[in-house]
Amino acid sequence: MTAKLIAFQGEKGAFSEVACRLYAPAFDPLPCATFEAVFDAVESGRAELAMVPVENSIAGRVSDIHHLLPQTSLQIVEERFLPVHHQLMVVKGADPEKIKTVRSHAMALGQCRNLIQRRGLVPEIAGDTAGAARILSETGETDVAVIASDLAAENYGLEIIEANIEDAGHNTTRFLKMAADTEYPSIDAERVITSFVFQVRNIPAALFKALGGFATNGVNMTKLESYQQDGRFEATMFCVDIDGHPQAENVRLALEELGFFSTSLKILGVYEADPFRG
């Protein structure tokens, strides 16, 4: 029987693979070089699911994803929050006191500033955490350390010399599980999140009017982010998460009012909230 696949961006050992193994254990992780390749793997049928990070409690949003979400035909079917624990690793036998350089993804380096400063290391940006670990295992440099996951250390035979080195204990990344075919959860589910993107009309107070319906209908908005579309400063897109099911009367009315003042509106997914939200 052919194994079911879940696509993620990065190399083997990336934190996205950690999320795949933890939250989709029945699927084999499929590494992809780019987020575009992740979406294509599911849209083409090579994989059944995608696992993509959208935001981190310290570093903020993953900007590439916000530009790709409006373009994909995939739908969000689940959200998961992964506590991120960074490990400092070296090739086996290297003297920890002779480490001069530390390599990792820019976001990981930014989340471990205290450790880097305490050890007096020179940070070098790598394409991703697991890729940095793989390259170190191949070069065998004894004066270089890498910040990556436990899984990366295991995969590439590296030795962890300091564990859980992140600056903040609340370091958490939110992941979205996405699929080509999906069914909305029941309207009676305990807590439902609806995610969507929209673009307001280019008229005075359009955003105020577009969002007013959520306030008047008592719909809680948990996220509102803006970004430029296609490099045009007048074409601002907004990415939104709200509490509620689109079939609920108050959400239906709020979305209807939003439509009056928007040039485009796309539902990205309707899914049950992760218990992590509390």
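1. Contact between H8 and H9. In this predicted model, Lys209, Ala210, Gly212, Gly213, Phe214 and Thr216 of helix H8 meet Ala254, Leu255, Glu257 and Leu258 of helix H9. By class, the residues of this contact are five nonpolar, three polar and two charged.

2. Geometry of the pair. Two packed helices are described by the angle between their axes and the distance between the axes. Here H8 spans residues 206–216 and H9 residues 249–260; their axes come within 7 Å and cross at roughly 170 degrees. Angles over 145 degrees count as roughly antiparallel, and H8 and H9 are therefore roughly antiparallel to each other. The crossing of H8 past H9 is right-handed.

3. The sheet. An open sheet is built from five strands, ordered E8-E7-E9-E6-E10, with mixed pairing. Its edges are strand E8 (122–125) and strand E10 (158–162), each of which pairs on one side only. From one strand to the next the twist averages 35 degrees.

4. Strands E6 and E9, and the helix on the sheet. Strand E6 (residues 87–91) and strand E9 (residues 144–148) run antiparallel and are joined by three bridges. Opposite glutamine 87 stands alanine 148 in E9. Helix H6 (residues 129–139) packs on the sheet and touches E6, strand E7 (101–104), E9 and E10. The direction of H6 makes about 150 degrees with that of E9.

5. Lysine 223. This residue lies in strand E13 (residues 221–229). Is lysine 223 buried or exposed? Its relative accessible area is 11%; the cut-off for buried is under 20%, so lysine 223 counts as buried. Leaving aside residues up to four places away in sequence, lysine 223 touches Glu55, His66, Arg174, Cys239, Val240 and Asp241.

Notes
Residues are numbered from 1 along each chain as its sequence is written. This is a predicted model: local features need pLDDT of at least 70, side-chain atom pairs count only at pLDDT 80 or more; totals for chains, interfaces and linings use all residues. Side-chain values use heavy atoms; hydrogens and water are left out. Two strands pair if DSSP finds at least two bridges between them. Helices (H or I, at least four residues) and strands (E, at least two) are DSSP runs, numbered from the N terminus. Axes are lines fitted to C-alpha atoms, for helices over the stretch in contact, and angles run from 0 to 180 degrees between N-to-C directions. Contact means heavy atoms within 4.5 Å. Buried means under 20% relative accessible area, exposed over 50%, partly exposed in between (1.4 Å probe, protein chains only). Angles under 35 degrees count as roughly parallel, over 145 as roughly antiparallel, 65 to 115 as roughly perpendicular and the rest as oblique. A crossing is left-handed if the near helix is turned anticlockwise from the far one by less than a right angle, and right-handed if clockwise. Ala, Val, Leu, Ile, Met, Phe, Trp, Tyr, Cys and Pro count as nonpolar, Asp, Glu, Lys and Arg as charged, and the others, Gly among them, as polar.
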